Amino acid sequence: MERRQSCRWLAAFGLSACLAGSALAGPAVEVFTTAGEPAVNVPLGVAVIELDAPGRLDAELSQDLPADLEVAEGLMRERMSVPEWQETADRYADSYLGLVRAWQLGIEKVPAVVVDGRHVIYGQPDVAAALREAERLLGQEGQR
C-alpha cells in the first residue's frame, strides 16, 4: 500500500476509497485478513489489510531487547532517532488504521472482502471469487 499522509488521515474517517486505492469508476474494495490466512487473486489497487500487523510489528521491534527496562528504553530511543524510523512509524499508523477500519465496518472474522463499505463476503480468501459472489448477490438483490 502506498504510504501517503492524506490517505492515512482520510482512512481514519472511513473513506475506504482512499484505503482501497480505487478509482471513481469502480466499487471500493477492501480485504481484511491475517498473515496466517493470506488473500489470493487480489485485483490491482485493492487494499489488503492484515489485522495482525500491529502485533507482528511489536514483536519485530521488541526482538533482541534486553529485559532491563532502562537499557531497552535507551535502545529504542536510539532506534527512533534515525531517519529510517519514520518508515516504521508510518507502518504502525497504517496497521492501526486498518484495525480501526475493520472495527468501523464491524468485521467479525477473516478473511473478509468488503465492497463499497457495505457488502461483506466472509471466509473466501480468493478475492476475485469473493467479488464474483458479491456481484451475484447484489444482482439478485437488484432483481427484487
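## Exposure of Y96

A residue counts as buried under 20% relative accessible area, as exposed over 50%, and as partly exposed in between. In this predicted model, Y96 has a relative accessible area of 39%, so Y96 is partly exposed.

## Helix α5

Y96 lies in helix α5, as does Y92. Helix α5 covers residues 85-105. At 1.5 Å a residue, its 21 residues should span 30 Å, and the end C-alpha atoms are 31 Å apart, which agrees. The buried residues of α5 are W85, T88, D90, Y92, D94, S95, L97, G98, R101 and A102. G106 follows the helix and has a positive phi, near 75°.

## The aromatic pair

A pair of aromatic rings is described by the distance of the centres and the angle of the planes. The count comes to one aromatic pair. Y92 and Y96 form this pair, which is stacked, with 6.1 Å centre to centre and 10° between the planes. The two tyrosines are four residues apart in α5, about one turn of the helix.

## Packing of α3 against α5

Helix α3 (residues 53-62) packs with α5 at an angle of about 150°, and their axes are 8 Å apart. Angles over 145 degrees count as roughly antiparallel, so α3 is roughly antiparallel to α5.

On the α3 side, the contact is made by A53, P54, L57, D58, E60 and L61. On the α5 side, W85, T88, R91, Y92, S95, Y96 and L99 take part. By class, the contact has eight nonpolar, two polar and three charged residues. Both members of the stacked pair, Y92 and Y96, are thus named among the α5 residues in contact with α3.

Note on methods:
Residues numbered from 1 in each chain as written. Predicted model: local features only at pLDDT ≥ 70, side-chain atom pairs only at ≥ 80, totals over all residues. Heavy atoms only, no water. Axes fitted to C-alpha atoms, helices over the stretch in contact; angles between N-to-C directions. Parallel < 35°, antiparallel > 145°, perpendicular 65-115°, else oblique. Contact = heavy atoms within 4.5 Å. Nonpolar A, V, L, I, M, F, W, Y, C, P; charged D, E, K, R; others polar. Expected span 1.5 Å × (residues − 1). Buried < 20%, exposed > 50% of the residue type's maximum accessible area, 1.4 Å probe, protein only. Phe/Tyr/Trp six-rings, centres within 6.5 Å; stacked < 30°, edge-to-face > 60°.
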